[in-house]
Amino acid sequence: LKTPRPLDAIFAIRLVNVLIAAAGLVLFAAALERLVPAFGLRVVVLALVCLHPLFFQNVARVANDALAVSTGVAGISLLALANDRTLLTRGLLAAVCIAASVWTKQTSFTLIPALVVGLPLIGWRHNVPPARIVRVTCIAVRAFFLVIAPLFFLYSRTVSRRFDQLLEDIC
């Protein structure tokens, strides 16, 4: 960088990452309010998440970890906030958030079981009819794959180009 203080850009990116992670934690805290009725236990769970050493280490990096963590936490929080009336809308929003997390960092594929197992469990807990649970889960999973489908296309094109280049170098 040709600025008198090149580290300012890095500090700005880190600040944005921390702000994005803070927004995800606010949504997670709202979900905890519904899931954990006792205030003391809520504080303990939120503190465990916030004070986990890898959480802030990953968030404060210049990379896209904060966005991946925040969108993943937002997806899980939306699932936790779902009830019988909002199962479809929050399930779809959770699917989009989890897909955004996967777009940001592919290690977020580990969140897929939360979507596939979480929606049916939440529906079952709220006495939603099984046919509706299956329909909502299928719609949310389709939305997830619809959002990440371009990622597979881009990845396969990149891999095939690299493979073609490798074959040309060998032959």
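A residue is called buried when its relative accessible area is under 20%, exposed when over 50%, and partly exposed in between (1.4 Å probe, protein chains only). By this definition, buried residues make up 32% of the 171 residues in the protein chain. The structure is a predicted model, in which local features need pLDDT of at least 70, side-chain atom pairs count only at pLDDT 80 or more, and totals for chains, interfaces and linings use all residues. Residues are numbered from 1 along each chain as its sequence is written, and side-chain values use heavy atoms, with hydrogens and water left out.

**Overall organisation**

- The protein chain contains seven helices and zero strands; helices (H or I, at least four residues) and strands (E, at least two) are DSSP runs, numbered from the N terminus.
- Along the sequence, the pattern reads α-α-α-α-α-α-α.
- Among contacts with a separation of 6 or more in the protein chain, 71% join residues 24 or more positions apart, where contact means heavy atoms within 4.5 Å.
- The protein chain has an accessible surface of about 10700 Å², and carbon and sulfur atoms account for 73% of it; accessible areas come from the Shrake-Rupley method with a 1.4 Å probe, and for residues only the protein chains shown count as cover.

**The nonpolar core**

- The largest nonpolar core has 23 residues, and those with the most contacts inside it are Leu79, Leu87, Ala95, Leu115, Leu119 and Phe144.
- Helices H4, H5, H6 and H7 each supply at least two residues of this core.
- A nonpolar core is a set of buried Ala, Val, Leu, Ile, Met, Phe, Trp, Tyr and Cys residues joined through side-chain atoms within 4.5 Å.
- Apart from neighbours within four places in sequence, Leu79 is in contact with Ala94, Ala114, Leu115, Leu119 and Ile122.
- In soluble globular proteins, nonpolar side chains tend to be buried together.

- Buried residues in H5 include Leu87, Gly91, Ala94, Ala95 and Ile98.
- Thr86 is placed in the loop between helix H4 (65–81) and helix H5 (87–104).
- With a relative accessible area of 15%, Thr86 is buried, and beyond residues up to four places away in sequence it touches Leu81 and Gly91.

**The nonpolar surface patch**

- Val96, Trp103, Val147, Phe153 and Leu154 form a nonpolar patch on the surface, with about 430 Å² of accessible area together.
- Patches are made of residues with over 30% relative accessible area and no salt bridge, with like charges joined within 9 Å and nonpolar side chains (Val, Leu, Ile, Met, Phe, Trp, Tyr) within 5 Å; a salt bridge is a side-chain nitrogen of Lys or Arg within 4 Å of a carboxyl oxygen of Asp or Glu.
- H5 and H7 each supply at least two residues of the patch, and H7 gives the most, with three.
- Leu154 lies in helix H7 and is partly exposed, at 47% relative accessible area.

**Two further residues**

- Arg42, in helix H2 (residues 39–50), counts as buried because its relative accessibility is 17%.
- Leaving aside neighbours within four places in sequence, Arg42 is in contact with Leu32, Glu33, Val36 and Pro37.
- Asn127 is in the loop between helix H6 (112–125) and helix H7 (130–170), and counts as exposed because its relative accessibility is 69%.
- The phi of Asn127 is near 60°, a positive value in a residue other than glycine.
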